[in-house]
Amino acid sequence: DYCQAREIPVLAQSSGAASPQGLPWGHPRPFGDVFKQFPKLRLIFGPTALGGDEDMVKLARAYPYVGCDLSMRLDELATGKTQPEYMVSLIRQMGIDRVLFGTNIPLVPLAPSVKAFTDLPLTDAERESIASTNFKRLVREAA
């Protein structure tokens, strides 16, 4: 309530070990109940919901202040676990304006993540939004 009222962004870990419900801790699905109570909460999932892509897209479409970062997902790209076309599709389904650049260093090496991001088949405007503009807008709006 405090964060929503003051438009303070909250970053939530959205992957990890299984919870008692069998979902990874931070899986986006249970956050639907949170957003019903706090529909204007500015919540950024980091990373982009490993294992919960469909649920992440549903939340982003239903609630205007849901976002995510690309930490760990860039590592998936760099190691070939995820295909660039899939990631671009996911980003566009979420909404370019909802996605932030993120690397999750020191858990993963920085250089391969940056290269994976720059190699994504995005437009220059999309890349700039993700790498810079979206964060600046989020912080400025919260200030």
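## A greasy patch on the surface

Four residues, Phe101, Ile105, Leu110 and Val114, make up a nonpolar surface patch with about 300 Å² of accessible area together. To join such a patch, residues need over 30% relative accessible area and no salt bridge, with nonpolar side chains within 5 Å; a salt bridge puts a side-chain nitrogen of Lys or Arg within 4 Å of a carboxyl oxygen of Asp or Glu. Areas come from the Shrake-Rupley method with a 1.4 Å probe.

Val114 sits in helix H6, residues 110–119. Its relative accessibility is 33%, so Val114 counts as partly exposed (buried is under 20%, exposed over 50%, partly exposed in between).

## What the model is

This is a predicted model, where local features need pLDDT of at least 70 and side-chain atom pairs pLDDT 80 or more, while totals for chains, interfaces and linings use all residues. Numbering runs from 1 along each chain, and side-chain values use heavy atoms, leaving out hydrogens and water.

## Overall fold

The protein has seven helices and four strands (DSSP runs of at least four and at least two residues, respectively). Along the sequence they run α-β-α-β-α-β-α-α-β-α-α. Of its 143 residues, 46% count as buried.

## The largest pocket

The largest pocket holds about 220 Å³ of space. Its lining has 15 residues, and Pro64, Asp97, Arg98, Arg137 and Leu138 are the closest to the centre. A pocket here is an open set of points on a 1 Å grid where a 1.4 Å probe fits, with protein on both sides within 12 Å along at least five of seven lines; lining residues have an atom within 4 Å of a point.

H7 gives the largest share of that lining, four residues. By type, the lining splits into eight nonpolar, two polar and five charged residues.

Technical notes. Grid points are joined across faces, edges and corners, and a volume is the space filled by probe spheres set on the points. Ala, Val, Leu, Ile, Met, Phe, Trp, Tyr, Cys and Pro count as nonpolar, Asp, Glu, Lys and Arg as charged, and the others, Gly among them, as polar. Patches are made of residues with over 30% relative accessible area and no salt bridge: like charges are joined within 9 Å, nonpolar side chains (Val, Leu, Ile, Met, Phe, Trp, Tyr) within 5 Å. Buried means under 20% relative accessible area, exposed over 50%, partly exposed in between (1.4 Å probe, protein chains only).
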